[in-house]
Each structure stands twice: as C-alpha cells, then as structure tokens.
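Visitor: I would like to learn how to read a model of this kind, feature by feature. Could you take me through it, giving the general idea before each case?

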Amino acid sequence: MALKLGELLLKAQLVNQQQLNKALEEQKTTGGKLGEILQRLGFVTEDDIIECLSHQFGVPSINLRHFEIDPNVAKIIPVDLARKYNVIPVNKTGATLTLAMTDPTNIFAMDEITFMTGYRVEPVVASEEAIRERIDRNFGSSRELELKKVMEDLTTVDEAALELLEEDEEVDVSKLAEESQEAPVVRLVNIMLTDAIKRGASDIHVEPYEKSFRVRYRVDGLLREVMTPPQRLQPAITSRIKVLSKMDIAEKRLPQDGRIRLKAKIEGRMRELDFRVSVLPTVHGEKVVLRLLDKENLRLDMTKLGFEKSSLKKFEDNILKPYGMVLVTGPTGSGKTNTLYSALQRVNVPETNIITAEDPVEFQLPGVNQVQMKDAIGLNFAAALRSFLRQDPNIILVGEIRDFETAEIAIKAALTGHLVLSTLHTNDAPSTISRLMNMGIEPFLVATSVNVIAAQRLIRRVCQSCKEEIDTPIQALLSVGFQESEAHNLKLVKGRGCEKCGNTGYKGRLGLFEVMDITEDMRELILSGASAVELRRKAIEEGMITLRQSGLQKIREGLTSIDEVVRETVL
C-alpha cells in the first residue's frame with residue numbers, strides 16, 4: 001500500500017520524485033506510514049491524500065475529523081477486526097453499512113465484515129491516521145485495551161489469598177511477599193510504570209478509598225484517572241511497589257520513602273526509569289505516590305524554559321556574578337529544580353567548584369558535587385551548608401531555604417564570596433523579601449546579599465498538532481490584562497483535541513517567569529522596610545515583567561490559552 005500510495009501521489013503530481021524519495025528514505029529509518037511521513041514533511045495534506053485515493057478508486061471520500069460517528073454504529077464490528085484492516089463503520093442505512101477504509105479495493109476485509117455483520121458494505125475513503133484516531137476514540141487505545149485485559153486476568157486471582165488484614169491482625173510478611181509476586185499483579189504494576197512514561201506523566205497516584213481503588217496520573221500538571229483495579233488487590237499492588245522500592249512491606253502504620261530504578265523497553269528502545277516513591281498510611285489503606293524522574297524531560301538549555309529575552313538576560317547576568325544570592329520561588333511542581341539545574345549547567349566549568357545540598361537529589365549532573373540530605377542522622381540543609389564552607393566552594397546550591405538557620409548560613413556564604421542558589425515557596429518575586437525578613441533575617445543582610453529573585457509557574461502548552469484559531473470576546477481579553485488597542489487584532493488559539501494530546505487540547509508545559517533584579521534603588525527600599533506592594537511597584541517601573549505579563553506574551557505567541565494563564569497568575 002505504501003509504494004502504491006507514493007505512485008498515486010506522483011501520478012497526480014501532488015509530490016515530485018525527489019520528495020517521494022526523501023519520504024521513503026525516512027520511512028526506512030523510522031518505519032512509519034508513508035502518508036504520515038509525507039504530511040509531517042509538509043509535502044501533502046491529509047485532504048490531498050484522501051482526494052487522490054478517492055479519484056483513483058472511484059469511491060467517495062470522507063474527512064473523519066469533521067464527521068461525528070454514532071458510537072453504536074462504530075461498534076457494529078469488533079475492535080480487533082477494525083484494527084486488523086484499519087476500518088471503521090461511519091453510517092448504517094437499512095441493510096447497508098458505510099465503511100471508512102484506506103484501501104477500498106480490499107475485498108477480503110469487506111467480505112469478512114459482510115459475513116460477520118450481515119450488512120452490505122459500501123466503502124468510502126479516509127486517511128489511515130484519522131481512522132486510527134477514531135478507532136481509539138470509540139474503542140479505547142491499544143494500551144487501554146491491554147490494561148483492560150490485565151484487569152480481566154486480575155479477577156481470576158484467588159480472592160482468599162488476597163484478603164485484607166484486619167487492624168488488630170498480625171501482618172504475615174511471607175504472605176504479602178508472595179501476593180506481590182503473582183503474575184497479574186506484577187504485570188499490572190509494570191504496565192502502570194511504563195504507561196506513565198508513554199503518557200508523559202510526572203506522578204502516579206495509587207489511592208485506596210472505602211469502596212473503591214483508583215490509579216491516577218498527573219499529566220501536564222493535572223491529575224487524570226486511568227484505571228480502577230479491583231479493590232481487593234490493593235494490598236498486593238501496594239506490596240509489589242514497596243518490594244520494588246526496597247521498603248519494609250510489613251510496616252503499614254508509618255510513612256515510608258523509597259526509590260525504584262529500572263530499565264525497560266519502551267516504544268522499541270531501552271529507557272532507564274527512575275521513580276521516587278512515597279507511601280502514606282490512610283484510613284482505608286496505604287496511598288502510594290510515585291514521582292517520575294525522567295532524564296529525557298530535563299531541559300538544561302535556559303533559552304528553552306520560557307524566559308522572555310529581557311528576563312533571561314537579567315537572570316543570566318546575576319548567575320554569572322562571583323558572589324551573592326540567586327533565589328527561585330514558586331509552589332511545589334512549578335519547575336524550580338529544573339531552572340536551578342539549568343543555571344548550574346550554565347556556570348559549570350572545570351575552574352569552578354560546585355556543591356549542592358538536595359532533598360532528594362533528583363538528577364545527577366556531571367561535574368557537580370551533589371549531597372543527599374538525611375534528617376534521620378542530622379544531615380540537614382544547615383549542617384550541610386556549614387561543612388560546605390570548609391570545602392572551598394565557588395557555587396553552592398541549597399535545595400530549599402526552610403528555616404532561619406539555613407537562611408542565615410546561606411546569606412553569610414553569599415556575603416563571603418560565594419554564589420548561592422536556592423528556592424523558597426512564595427507567590428511572587430517581591431514577597432520573597434518579606435518572607436526572608438519574617439524568618440528573622442535583618443533587612444541590611446537581605447539587601448546586601450540577594451542579587452536576583454525569579455518567581456515561576458508552569459502552564460500547559462496548546463497542542464501543536466490540533467491547535468486552531470478561535471474568536472474571543474473583546475471583554476474577555478481586556479479582563480485578563482490586554483490593552484484595548486491590541487485586543488481588536490489579537491488571534492487566540494485552542495487545541496481541538498486529538499490522539500497525541502489525549503483529547504485534552506494541551507501537550508507539554510512551559511514556564512512563566514517574573515525576574516526581579518535587586519538594583520541600588522531596590523536595596524534602599526528594602527533597607528527602609530518597604531512592603532512587598534511597594535517593591536513590586538518599583539520593580540515594574542524598572543522593567544520587571546510580571547507572571548501575568550509573561551502569560552499574556554505566551555498567549556500572543558500562540559503557545560497557550562487564556563484559561564491556563566488565569567489559572568496560574570493574578571493581575
């Protein structure tokens with residue numbers, strides 16, 4: 001079919017020989033479909049291919065992206081048959097079944113469907129990708145079907161062997177260990193871990209409730225329910241995860257932390273999986289959260305994080321200074337660690353001694369001395385910082401400033417010739433100054449030690465595969481902060497929803513940044529005890545781009561939507 005399609009497009013003069021050869025060459029490397037490759041390279045559109053096939057075979061064409069299919073009609077044929085021939089029923093009139101196909105000359109497919117359903121088949125032409133997308137939408141993706149099969153297998157597990165222990169019963173460790181090794185449970189946990197990577201999840205939540213048990217993934221910052229295993233299997237699944245993360249499976253009353261490091265073949269290549277695991281006892285059992293530490297998603301190029309040009313210049317100028325403090329602020333999960341790692345990568349040269357104190361060490365950076373905090377033995381941020389100063393450092397990274405003691409030592413280090421990078425949990429850049437003072441740090445120490453403060457948020461990026469322009473009321477644009485002169489000509493985009501983005505309209509995330517440079521005027525304000533509001537006003541006067549303004553710029557560039565910016569920022 002691939003060569004035939006190429007010849008048809010060549011004959012119709014929709015592509016030339018050079019373009020076809022390039023697509024065929026790429027097909028040899030990637031193994032994809034020729035039609036999809038030609039579209040990706042920009043040589044033809046989906047409509048071109050459908051029209052060409054329709055003309056060649058003498059049958060009508062249909063663009064499935066603009067056609068709603070009745071779910072009952074789609075399921076007239078079983079999913080395995082739909083996938084086998086890449087076909088889907090689109091309409092039923094009397095005894096006639098209209099069937100969308102990529103190859104309407106496939107007599108075997110039509111005969112088999114006629115035999116199975118009793119309907120007379122009438123073919124129409126549609127693109128392979130559109131048919132596959134509709135099969136997934138109506139029947140569930142092949143991955144979801146595999147999960148369903150595992151669920152069916154799990155129901156055959158002996159219920160008696162997986163009975164939940166009563167609170168006053170003793171825990172039988174050998175029984176728990178045995179349950180966690182049963183084939184369906186092992187397979188389900190394996191699928192859970194690998195499927196999270198494929199979906200681009202950052203966290204997996206395994207949650208027991210009184211009458212249910214569910215698994216959710218956090219994808220692009222939002223949680224989505226992906227499966228509900230039988231509730232009686234909760235102890236076995238939890239035990240399996242605890243075995244993998246080297247926890248005590250007999251201890252069910254106290255929180256535990258662990259780590260899972262695996263190698264798995266995903267989408268044809270070996271990937272290293274690294275999960276940080278946290279187990280928390282709840283009234284209905286142990287809740288497990290696995291944080292995926294994916295090295296492939298770690299971006300160390302500061303120009304690709306989402307900084308505006310002026311904000312990036314301010315930030316870079318300050319991390320290249322020989323001493324002082326650089327603070328990155330924002331809530332949990334806002335990408336602070338990624339920004340700090342990117343900053344370290346920027347200043348990481350053989351002549352520099354870099355030491356970090358982290359809890360935990362999420363990614364290992366070559367050329368950087370990273371220290372894992374262990375509160376149980378007294379190795380906290382403050383203790384680590386004291387020892388760092390005897391290690392002849394140039395640059396020190398403190399994972400988080402949580403208390404007065406850590407803040408005091410970090411500031412003293414910044415004042416004695418070291419560059420100190422750290423994080424704080426504050427809503428915006430100006431309020432960070434107030435937070436340090438509330439910890440007990442004197443204003444003159446804050447004013448003289450801090451170089452720059454960057455506040456950040458992560459917002460979802462509109463899916464580039466299905467984005468389309470939308471009309472937005474002028475009033476809505478004005479209410480989020482756009483000027484009236486600009487609002488009349490502004491074109492906004494929204495994701496329609498496709499297979500690549502899980503029909504959400506969003507795929508991936510990008511950062512919003514608010515970078516406040518501590519200039520001489522700002523230092524004077526800090527020394528005089530100015531409030532966060534006054535500091536903010538002064539910073540904006542000096543050209544600071546706020547989080548909301550950063551979001552508006554992303555909307556102008558067609559990267560995100562108003563909903564995302566409003567969800568994460570305030571005027």
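Visitor: Let me start with a single side chain: does Lys-84 count as buried or exposed?

Guide: Burial is read from relative accessible area with a 1.4 Å probe and protein chains only: under 20% is buried, over 50% is exposed, and partly exposed lies in between. Lys-84 has 55% relative accessibility and therefore counts as exposed. Please keep in mind that this is a predicted model, in which local features need pLDDT of at least 70 and side-chain atom pairs count only at pLDDT 80 or more, while totals for chains, interfaces and linings use all residues. Residues are numbered from 1 along each chain as its sequence is written, and side-chain values use heavy atoms, with hydrogens and water left out.

Visitor: Where does Lys-84 lie, and with which side chain does the side chain of Lys-84 make a polar contact?

Guide: Helices (H or I, at least four residues) and strands (E, at least two) are DSSP runs, numbered from the N terminus, and Lys-84 belongs to helix α6, residues 79–85. A polar contact is a pair of N or O atoms within 3.5 Å; within protein, one must be able to donate a hydrogen and the other to accept it, and residues adjacent in sequence count only if both atoms are side-chain atoms. The side chain of Lys-84 makes such a contact with the side chain of Tyr-85, at 3.4 Å. As for C-alpha atoms, those of Lys-84 and Ala-109 are separated by 8.9 Å, although the two residues are 25 residues apart along the chain.

Visitor: How should I read a sheet, and what is the strand order in the sheet of 3 strands?

Guide: Two strands pair if DSSP finds at least two bridges between them. The open sheet of 3 strands has the order β1-β2-β3, with mixed pairing; β1 (88–93) and β3 (120–125) are its edge strands, each pairing on one side only. Axes are lines fitted to C-alpha atoms, for helices over the stretch in contact, and angles run from 0 to 180 degrees between N-to-C directions. Neighbouring strands here are turned by 30° against each other on average, direction ignored.

Visitor: Which pairs in that sheet run parallel or antiparallel?

Guide: β1 and β2 run antiparallel and are joined by 5 bridges, with Asn-91 having Thr-98 as its bridge partner in β2. Their hairpin has 2 residues between the strands, and Gly-94 takes a positive phi near 60° there. β2 and β3, by contrast, pair in the parallel sense over 6 bridges.

Visitor: What surrounds Thr-96, and is Thr-96 buried or exposed?

Guide: Thr-96 is in strand β2, residues 96–101, and is buried, with a relative accessible area of 15%. Thr-96 stands opposite Arg-120 in β3, and the side chains of Thr-96 and Arg-120 also make a polar contact at 3.0 Å. Taking contact as heavy atoms within 4.5 Å, and leaving out residues up to four places away in sequence, Thr-96 touches Asn-91, Tyr-119, Arg-120 and Glu-122.

Visitor: Which strands stand at the edges of the sheet of 7 strands, and why is one side of each left without a neighbour?

Guide: This open sheet has the order β12-β11-β13-β14-β10-β15-β18, again with mixed pairing. β12 (369–372) and β18 (506–517) stand at the edges, and each has a single partner strand, so one side of each is left without a neighbour in the sheet. Neighbouring strands of this sheet are turned by 20° against each other on average, direction ignored.

Visitor: Which way do the side chains of β13 point?

Guide: In a regular strand the side chains alternate between the two faces of the sheet. In β13, Ile-395 and Leu-397 point one way and Ile-396 and Val-398 the other way, and all are buried. β13 (residues 395–398) runs parallel to β14 (residues 419–424), with 4 bridges between them, and Ile-396 has Val-420 as its bridge partner in β14.

Visitor: Finally, how do I check the length of helix α4?

Guide: The expected span of a helix is 1.5 Å times one less than its number of residues. Helix α4 (residues 46–57) has 12 residues and should span 16 Å, which agrees with the 17 Å between its end C-alpha atoms. The buried residues of α4 include Ile-49, Leu-53 and Phe-57, and α4 is followed by Gly-58, whose phi is positive, near 70°.
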